[in-house]
Amino acid sequence: MSDSDTSIRLDKWLWQARFFKSRSIAAGVVSAGKVRVDGTPVSKPSRAVAPGMVLTFTQQQDVRVVRILACGTRRGPAPEAQTLYEDMSPEKVKRPSNPRFDGKGRPTKKDRRDMASRTRDDGSFGLE
């Protein structure tokens, strides 16, 4: 096998592995210098990558670290794309979308009835 058979353009690989919706978006991310290949920042989308290389890049708000397992020949379905890489990303910290919301919200009808019955019984509004 020649070197051209075992390597592929970085932007094309990112697109084929379904990390980005289009190849131009992948090229833009690489051109912005937001991708590292084996720890070295890359700014050219035409950079050749091969199996065994480790890519580090941001995808939305997450940092992705992947090891390339295969170059691929087409942009296939997601299960096929997942065979092109090994995900080595750190575990994601699950954060609620609204950190101040602790699941309580508005009182239900039963809660309102209970509160009303406490105020009627002793006239203390249930605060004592």
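Start with the salt bridges: the count comes to 6 in this structure. The model is a predicted one. Keep that in mind as you select residues.

**Stop 1: D11 and R23**

Select D11 and R23. They form a salt bridge, and their closest N and O atoms are 3.4 Å apart. D11 sits in helix α2 and R23 in helix α3 (residues 23-31), so this pair ties together parts 12 residues apart in sequence. Is D11 buried or exposed? D11 counts as buried, at 3% relative accessibility. The cut-off for buried is under 20% relative accessible area. R23 is partly exposed, with a relative accessible area of 32%.

R9, D11 and R23 are linked in a network of salt bridges.

**Stop 2: Q16**

Stay with helix α2, which covers residues 10-16, and pick Q16. Q16 counts as buried, with 2% relative accessibility. What does Q16 touch, leaving aside residues up to four places away in sequence? Show I8, C71, G72, T73, R74, R75, A81 and L84: these are its contacts.

**Stop 3: R74 and E80**

One of the residues that Q16 touches is R74. Select R74 together with E80. Their side chains meet in a salt bridge, 2.8 Å from N to O. R74 is partly exposed, at a relative accessible area of 47%. E80 also counts as partly exposed, at 30% relative accessibility.

**Stop 4: S43**

Jump to the loop between β3 (40-42) and β4 (48-49), where you will find S43. S43 is partly exposed, with a relative accessible area of 48%. Its contacts are V30 and S31, not counting residues up to four places away in sequence. Next, click the C-alpha atoms of S43 and A27. They are separated by 9.1 Å, and the two residues are 16 apart along the chain.

**Stop 5: helix α5**

Move on to K110 and D114. Both lie in helix α5, 4 residues apart, or about one turn of the helix. D114 is partly exposed, with a relative accessible area of 32%.

**Stop 6: a charged patch**

Where do R106, K109, R112 and R113 gather? They gather in a patch of positive charge on the surface. Select R106 by itself. R106 is in the loop between β7 (85-87) and α5 (109-122). R106 is exposed, with a relative accessible area of 73%. Exposed means over 50%, so R106 falls in that class.

**Last stop: the whole chain**

How many helices and strands does it have? Look for 5 helices and 7 strands. Follow the sequence and the pattern reads α-β-α-α-β-β-β-β-β-α-β-α.

Switch to the surface again. The protein chain exposes about 9,400 Å², and carbon and sulfur atoms supply 51% of that area. Buried residues make up 27% of the 128 residues in the protein chain; D11 and Q16 count as buried.

Finish with the contacts. Take those in the protein chain between residues at least 6 apart in sequence: 42% of them join residues at least 24 apart.

Terms used:
Residues numbered from 1 in each chain as written. Predicted model: local features only at pLDDT ≥ 70, side-chain atom pairs only at ≥ 80, totals over all residues. Heavy atoms only, no water. Patch = residues over 30% accessible without salt bridge, like charges linked within 9 Å, V, L, I, M, F, W, Y side chains within 5 Å. Areas by Shrake-Rupley, 256 points an atom, 1.4 Å probe, with all protein chains shown as cover. Salt bridge = Lys/Arg side-chain N within 4 Å of Asp/Glu carboxyl O. Lys, Arg positive; Asp, Glu negative; His and termini not counted. Charge placed at Lys NZ, Arg CZ, Asp CG, Glu CD. Helix = DSSP H or I, 4+ residues; strand = E, 2+ residues; numbered from the N terminus. Buried < 20%, exposed > 50% of the residue type's maximum accessible area, 1.4 Å probe, protein only. Contact = heavy atoms within 4.5 Å.
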